[in-house]
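Please work through the exercises below with the sequence and the model at hand.

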Amino acid sequence: MSIVTVQLGQCGNQIGFEVFDALFSDSHCSQGLCSKRENEAYQASCKERFFSEEENGVPIARAVLVDMEPKVINQTLSKAAHSGRWKYGQHSCFCQKQGSGNNWAYGYSVHGPRHEESITNLIQKEVEKCDSLNGFFIIMSMAGGTGSGLGAFVTQNLQDQYSNSLKMNQIIWPYGTGEVIVQNYNSILTLSHLYRSSDALLVHENDAVHKICAKLMNIKQISFRDINQVLAHQLGSVFQPTYSGEGSFHYRRNPLGDLMENLVPHPEFKMLGVRNIPQMSENSLAYSTFTWAGLLKHLRQMLISNAKMEEGIDWQVRPPLSGLPTLGKMSLNKEFHFNTSIANLVILRGKEVHSAELGAFKDPALYTSWLEPVHAFSVWKTQRAFSKYEKSAALVSNSQFLVKPLDMIVGKAWNMFASKAYIHQYTKFGIEEEDFLDSFTLLEQVIASYCNLGF
């Protein structure tokens, strides 16, 4: 089954390119751990998901590119074409001459309705190329104008037009010390609208990915491309093919549906995060060896202590004793220790994958009391290695990991709103004070729901 990717704004288009490049590179590199036949099956499964018919022998990404300024789209199309390995479709992009000036309301209320038909037609053409549509993967920022405002509008439109198809939004959480004064307004409007129209939000925090580049990849001068390549690696580790079941050598055909089924058991809880292990520079990898026991011990501690990478894990955090709450009603102002989960998915790739022991992830203390570990924990495997790692694990988690950053963004936005700062920039494009209040109400409910997981 195929996934149609919608790349929105500068952020979405730059990340989208790196994602397709990572997927293609991984599926076409030879893997000695697997037979030729298995490598070919893996490659075919990846192609069915993310690439359509070839043009002059070059696969075409199943993607629609949207931005309100042409510069980034032109660069993205050019980079893909020059790679010579894959490319975007000739008529798969939409751009204009004027951006949204970091104004969410302009992207949502002006660009969205004005260009709805053109964007809808492009997506429709891409859908028609799929033998079987699995759903939509929408890549966008959370705090800008076009990516977030237009992104929320397009997602809402997809929900209206393709109500039976799954929608997953991959959103980039802004730096805590952002440069856009209204980024907290934009963020709460984005999140509240996506919560109503998307099936799952896969969140990456800029600050966390920046740290991975600095601490794990040893990059001295970190560029957006470095950050986007780390993101692409993490997304590839989730979306590349895995076996459909224990002991099976057939690849999973319904990746988005299986993800949602395993990780989003209730529409109140749809925030997902990704952690990868190992993740390091090529230079460090040459001197490193890994065991499944060591990798999974670190990954579990990253989960329960809410660490985004293996460096700096707090090993003092332990699961709570049964029956004791992990997070009190006032604890947002205190140190937030144990990270309670609703559901977790571990994806294992590489050598001796069937020998990996995952019992520690089935501990009921890791999960909310209303879901049994047998329903809350899933594992996907393939003995085909991913990227340059002989053994690697990805964890996709629906947990309390975003409670603090979300509470912080809502608090900052509320403080600005209370003094009516910058509200006129939104009201002049049709977003009223009531829309802000609706957003605050919805997100405060989300925070409360996640806080109560530990009870």
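Predicted model: local features only at pLDDT ≥ 70, side-chain atom pairs only at ≥ 80, totals over all residues.

**Exercise 1. Determine which geometry the ring pair of Tyr-106 and Phe-429 has, and which parts of the chain the pair links.**

Step 1. Rings of Phe, Tyr and Trp (its six-membered ring) pair if their centres lie within 6.5 Å; planes under 30 degrees apart count as stacked, over 60 as edge-to-face, and the rest as tilted. This rule gives 26 aromatic pairs.

Step 2. For Tyr-106 and Phe-429 the ring centres are 4.8 Å apart and the planes stand at 80°, so this pair is edge-to-face.

Step 3. Tyr-106 lies in helix α4 (residues 104-128) and Phe-429 in the loop between α14 (424-427) and α15 (433-451), so that, by the numbering of these elements, the pair links distant parts of the chain, 323 residues apart.

Step 4. Tyr-106, at 12% relative accessibility, is buried, whereas Phe-429, at 25%, is partly exposed.

Step 5. For Tyr-243 and Tyr-251, the centres are 5.5 Å apart and the planes at 25°, so the pair is stacked; both of these residues are buried.

Step 6. Ring pairs also link a cluster, among whose members are Phe-17, Trp-86, Tyr-88 and Phe-239.

**Exercise 2. Describe where Lys-420 is placed, what its phi is, and over which ring its charged end sits.**

Step 1. Lys-420 is in the loop between α13 (403-418) and α14, and is partly exposed at a relative accessible area of 44%.

Step 2. Its phi is near 60°, a positive value in a residue other than glycine. Most residues other than glycine have a negative phi, and most peptide bonds are trans.

Step 3. The charged end of Lys-420 sits over the ring of Phe-417, at 5.3 Å from the ring centre (the criterion is NZ of Lys or CZ of Arg within 6 Å of the ring centre and within 35 degrees of the ring normal). Arg-252 likewise lies over the face of Trp-380, 4.0 Å from the ring centre.

Step 4. Asn-218, in the loop between α7 and α8 (224-239), also has a positive phi, of about 55°, without being a glycine, and is partly exposed at 41% relative accessibility.

Step 5. A cis peptide bond, with omega about -10°, joins Ile-277 and Pro-278, and Pro-278 lies in the loop between β9 and α10 (282-285).

**Exercise 3. Compare the reach of helix α6 with the expected value, and say how many of its residues are buried.**

Step 1. The expected span is 1.5 Å times one less than the number of residues.

Step 2. Helix α6 (residues 183-197), with 15 residues, reaches 21 Å from its first C-alpha to its last, close to the 21 Å expected, and 14 of its 15 residues are buried.

Step 3. Helix α1 (residues 9-28), with 20 residues, reaches 29 Å, close to the 28 Å expected, and is likewise mostly covered, with 15 of its 20 residues buried.

Technical notes: Residues numbered from 1 in each chain as written. Heavy atoms only, no water. Helix = DSSP H or I, 4+ residues; strand = E, 2+ residues; numbered from the N terminus. Buried < 20%, exposed > 50% of the residue type's maximum accessible area, 1.4 Å probe, protein only.
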